[in-house]
Amino acid sequence: MFQAILSNVYAGLIVVLVFGLCVFVHEFGHFLAARLCGLVVDVFSIGFGPALWKRKSGNLVLRVGCIPLGGYVVLPQLDPSGMESVQGEEGQPPRTLPRVAVWKKIVVSLAGAAGNIAFAFLLAWIVYATDRHPMSVLEGALVGGVETNTVAYAGGLREGDTVLAANGTSVKTWNDFVQICSLSESVDLRVRRADGTEAGMMLGTSTNGNPFNIRMLEGVEAGSICKVGLVESGSMAEKAGVKPGDVIKTFNGHIVAGRGHLIDMVQKREGQLTGMTIEREGALLDMSVTPVLDPQNKMVRLGIQFASTTGTPLEQIKQDVTGIFRLLKALVTKGQAGNAAKSIGGPVSIFAAFWLYAKASLLLLLGFARFLNVNLAILNLLPIPVLDGGHVVFALYEGIARRPPGEKVVRFLINFFAALLIVLVVLLSFRDLKIIRRIAALMKDAPPAGAKP
């Protein structure tokens, strides 16, 4: 029990640290650009609400708020006391400040998102460089496994199928397929079988087994390249001659469609000498291995660990951007808006996901933090007052009209949309509480990162 408490405390500290960094790089981007462009900076805050810590350095107030859901930089030449009034802070005394060039306002407004994107690329590079034998993202939506007691299996979907299109939209990667499923109560699939023939089928999606209320095809697993990341010392795989970097192509005469597929086949060959084909440096090699029962894991295993399909840093960022824009498009698309809205998580879901990843694997946590940074960058550029995109709109108005928008108008819009944002966060938090028990169960029983056949 004490060990479990320590594990939870450790995970919690990691979550706070990583999320805090995501907020810090955004606000520091604004702060750094403002200083370089010669703007006045009154406050640099991590977190909202009453200050837990506060210090004044010259004319700059540094603070840490008690609500760790964001942060802000008070820039009076860009936002005339808007954030100060939202926070209920006592502003600076009346003063006359020099006007700022429109291009400088735009640069400072965009700098927060630039900070998040730069940090996302750094995280993506860490994940890619740390992973053993990293691979590029698998092109095509290959089905690696289908549970026999599911709607998908009854509808005709089989392991080894490649999804070509879903609901009339071309599918290029598994992420494309998952996102289309999450937005529809049913999906009209066009698949290519392992023998090259094509077939169509209509399958229903559900939220069963998903604590975050996201629709999916239940019991369907992604296909993947079975690349070996680690061969355990003394294992049957090591005795057979398997090496890190090998790709398992066939097992017991069957083409390996994915990791789950391989694990299932291994379970059925306990104590039996089994042939398999591996690819090593472009050459195919045949070898034989005897799967044995691992009493600790209660699984029949070969003694290997898979390499992760992390993708290059650019591939990782590209997938994140594609997914976010697909969701934004779905929110304004008839027939998809409802399911898209249901898939949006509030603070509870975000922290729960962070917690799960922190307990499972540091690399998974960094990957989710990368996605969150891309998310923060894109959402902050939406043309809504109180967000960075709103300040870009104000600056563009000034450039076109040759005068800035009225201070009272800007203040009203910022306060109004800030109130709407707070209401949205509260509503999402209450909705998240409905699934907190399922999330807590996943936290308790979070599986280790990566299967070990």
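Biologist: How do β4 and strand β5 pair, and over how many bridges?
Modeller: β4 and strand β5 (residues 169–170) run antiparallel and pair over two bridges. Keep in mind that this is a predicted model.

Biologist: What sits between β4 and β5?
Modeller: Two residues lie between β4 and β5, and the strands form a hairpin. Asn 167 is in the turn, with a positive phi of about 55°.

Biologist: Which residue stands opposite Thr 169 in β5?
Modeller: Ala 166 does. Ala 166 also has a bridge partner in β6, namely Leu 189.

Biologist: How many bridges join β4 and strand β6?
Modeller: Four. The pairing of β4 with strand β6 (residues 186–192) is antiparallel.

Biologist: And strand β3, how does that pair with β4?
Modeller: Strand β3 (residues 141–146) pairs with β4 in the antiparallel sense, over two bridges. One place to look is Leu 142, whose bridge partner in β4 is Thr 162.

Biologist: Why is strand β4 largely enclosed by the rest of the structure?
Modeller: Count its residues. Strand β4 spans residues 162–166, and four of the five are buried, so the rest of the structure largely encloses it.

Biologist: Let's move to Leu 203. Which strand is Leu 203 in?
Modeller: Leu 203 belongs to strand β7, which covers residues 198–204.

Biologist: Is Leu 203 buried or exposed?
Modeller: Buried, because its relative accessibility is 1%, and the cut-off for buried is under 20%.

Biologist: What is Leu 203 in contact with, leaving aside neighbours within four places in sequence?
Modeller: Its contacts include Val 151, Ala 152, Gly 155 and Leu 157. Leu 189 is also among them. That is the Leu 189 that partners Ala 166.

Biologist: How many residues apart along the chain are Leu 203 and Val 151?
Modeller: They are 52 residues apart along the chain. Yet the C-alpha atoms of Leu 203 and Val 151 are separated by 6.9 Å.

Biologist: Across the chain, what share of contacts joins residues at least 24 apart?
Modeller: 63%, taken among contacts between residues at least 6 apart in sequence.

Biologist: New topic, charges. How many salt bridges does the structure hold?
Modeller: The structure holds 10. Side chains of opposite charge can pair when their charged atoms come close.

Biologist: Which residue forms a salt bridge with Arg 280?
Modeller: Asp 246, with the closest N and O atoms 2.8 Å apart. This pair links distant parts of the chain, 34 residues apart. Arg 280 is in strand β12 (residues 274–280), while Asp 246 is in the loop between α6 (236–240) and β10 (247–251).

Biologist: Is Asp 246 buried or exposed?
Modeller: Asp 246 is buried, at 1% relative accessible area. Arg 280 is partly exposed, at 22%.

Biologist: Which side chain meets Glu 279 in a salt bridge?
Modeller: Lys 249, at 3.7 Å from N to O. Glu 279 lies in strand β12 and Lys 249 in strand β10, so the pair ties together parts 30 residues apart in sequence. Glu 279 is partly exposed at 27%, and Lys 249 is partly exposed at 36%.

Biologist: Which residues do salt bridges with shared partners join into one network?
Modeller: Arg 99, Lys 105 and Glu 398.

Biologist: What about Glu 198, which residue does it form a salt bridge with?
Modeller: Arg 190, and the closest N and O atoms are 3.5 Å apart. Glu 198 is partly exposed, with 45% relative accessible area. Arg 190 is partly exposed too, at 40%.

Biologist: How much of the chain's accessible surface belongs to carbon and sulfur atoms?
Modeller: 62% of about 23500 Å².

Biologist: Last one. How many helices and strands does the chain have?
Modeller: The chain has 14 helices and 16 strands. Of its 453 residues, 43% count as buried.

Technical notes. Residues are numbered from 1 along each chain as its sequence is written. This is a predicted model: local features need pLDDT of at least 70, side-chain atom pairs count only at pLDDT 80 or more; totals for chains, interfaces and linings use all residues. Side-chain values use heavy atoms; hydrogens and water are left out. A salt bridge is a side-chain nitrogen of Lys or Arg within 4 Å of a carboxyl oxygen of Asp or Glu. Buried means under 20% relative accessible area, exposed over 50%, partly exposed in between (1.4 Å probe, protein chains only). Contact means heavy atoms within 4.5 Å. Accessible areas come from the Shrake-Rupley method with a 1.4 Å probe; for residues, only the protein chains shown count as cover. Two strands pair if DSSP finds at least two bridges between them.
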